[in-house]
Amino acid sequence: MDIEHKDIEAMPLSTAFVTYRKELEKMLGDKAIDVKHGMFMRIPAGKHILVPLHVNVHLSTSESDILVIIAEPESNITLIDAVTSDSFTGTHSKGIYLLAQEKAFVHYISVQCVSDTIVHTTNRKATVEKDACVQWTECQLGGSSVTSHTVTSLRGEGASLFHRTLFLGEHQRKLTFNTQALHEASHTTSRLFMNGALADRADATAHGLIKINKDCAHCDGYQKQHTLLLSEEAKMDPVPMLEIHNDDVKCSHATAITDVDEEQLHYMMSRGLDQQQARKLIVEGFFEPILREIKDTSAENIREYLAKKVEEIVC
């Protein structure tokens, strides 16, 4: 994993422990003594990185890595982490640990497109301080088995979280999501959105938790999960949860598991498309609310990949 930018301090994690040991041990907990491979990134206070920073990894063998990010006060950065692979049987695990200090903004975009023979695991942990904002956008498109675990702690007043998930399941892919928004200060906001499609015998489970602590008033949390089932054997198990310990908050959730909308299908066929073309366009459009949030040319690459996969599924 190579990270280079003139306005960012980046170094191997082992080197960073010399200067930032206290901060790293606090962020990593008991993992601090186990880390042998990984990178550290610090965005200095007030720095705005205007062009998305790409962190690309191509796997040819099983790997495990960690990325630790400290975004100092009033810094701003968007990172795009794309993982691809050769075709081999193996595993890949990724740990992302993020600290967004006061008024920082971090948008971390993960695009996973590994071989169907790889077991892929991602663990994310973020702490969001006063008036800071963290956005996670994850696109889970490959792997034989995929596990995504994310815990974001809103520690300072005015902190906000936006977590968007896009996934595609085909063949016998198994996907497991566990997304948690922990409101640990008043006047905090969380939004959890998930759009996914399952075909063949793919199976997904999505746990979403919004937890608001007792002393945290005026919080606002919302989660929405929407899944398209493209075959009779595909399965989705949504598990949205709200754990609220304060009455002076706003918190809700919505879940939908649907087939391709018949009214949309008939309308598009009335405009001259055949059934397969219409289904393909409807499924592709279903992912757009997530893809629109990726302000980079990589969004078009994802669209092209999805278009190819959706055509294989519906045609």
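Buried means under 20% relative accessible area, exposed means over 50%, and partly exposed lies in between (1.4 Å probe, protein chains only). This is a predicted model, in which local features need pLDDT of at least 70 and side-chain atom pairs count only at pLDDT 80 or more, while totals for chains, interfaces and linings use all residues. Residues are numbered from 1 along each chain as its sequence is written, and side-chain values use heavy atoms, with hydrogens and water left out.

**Figure 1**
Helices (H or I, at least four residues) and strands (E, at least two) are DSSP runs, numbered from the N terminus. The C-alpha trace spans about 60 × 50 × 35 Å along its principal axes. How does the radius of gyration agree with that of a compact globule? With 315 residues, such a globule would have a value near 20 Å, and the protein has 20 Å, which agrees. The radius is taken over C-alpha atoms, and the globule rule is 2.2 Å times the number of residues to the power 0.38. Of the 315 residues, 52% count as buried. The accessible surface comes to about 14,500 Å². Carbon and sulfur atoms hold 47% of that surface. Accessible areas come from the Shrake-Rupley method with a 1.4 Å probe; for residues, only the protein chains shown count as cover.

**Figure 1. Val134 is a buried residue in a strand.**
Val134 sits in strand E9 (residues 133-140). Its relative accessible area is 0%, so Val134 counts as buried. Which residues does Val134 contact, leaving aside its neighbours within four places in sequence? They are Leu98, Ala100, Val106, Val128, Ser160, Leu161 and Phe162. Contact means heavy atoms within 4.5 Å. Across the protein, take the contacts with a separation of 6 or more: residues 24 or more positions apart account for 85% of them. Val134 and Asp296 are 162 residues apart along the chain, and their C-alpha atoms are separated by 18 Å.

**Figure 2. Asp116 and Arg173 form a salt bridge between two loops.**
A salt bridge is a side-chain nitrogen of Lys or Arg within 4 Å of a carboxyl oxygen of Asp or Glu. Side chains of opposite charge can pair when their charged atoms come close. Here the N to O distance is 2.7 Å. The pair links distant parts of the chain, 57 residues apart. Asp116 is in the loop between strand E7 (105-113) and strand E8 (118-128). Arg173 is in the loop between strand E11 (160-169) and strand E12 (174-183).

**Figure 3. Glu184 and Arg155 form another salt bridge.**
The N to O distance is 2.4 Å. This pair also links distant parts of the chain, 29 residues apart. Glu184 is in the loop between E12 and strand E13 (189-198). Arg155 is in the loop between strand E10 (145-154) and E11. Glu184 is partly exposed at 28% relative accessible area, and Arg155 is partly exposed at 43%. Elsewhere, salt bridges that share partners join Asp116, Glu170, Arg173 and Lys309 into one network. A search of the whole structure finds 20 salt bridges.

Lys130 is partly exposed, with a relative accessible area of 39%. Asp131 is partly exposed too, at 35%. Asp131 lies in the loop between E8 and E9. Most residues other than glycine have a negative phi.

**Figure 4. Glu74 is a loop residue with a positive phi.**
Where is Glu74 found? Glu74 is in the loop between strand E4 (63-71) and strand E5 (76-85). Phi of Glu74 is near 65 degrees, and this residue is not a glycine. At 47% relative accessibility, Glu74 counts as partly exposed.

**Figure 5. Thr15 is a partly exposed residue in a helix.**
Thr15 has its place in helix H1 (residues 13-28). Its relative accessible area is 40%. The C-alpha atoms of Thr15 and Asn76 are separated by 24 Å. Along the chain, Thr15 and Asn76 are 61 residues apart.
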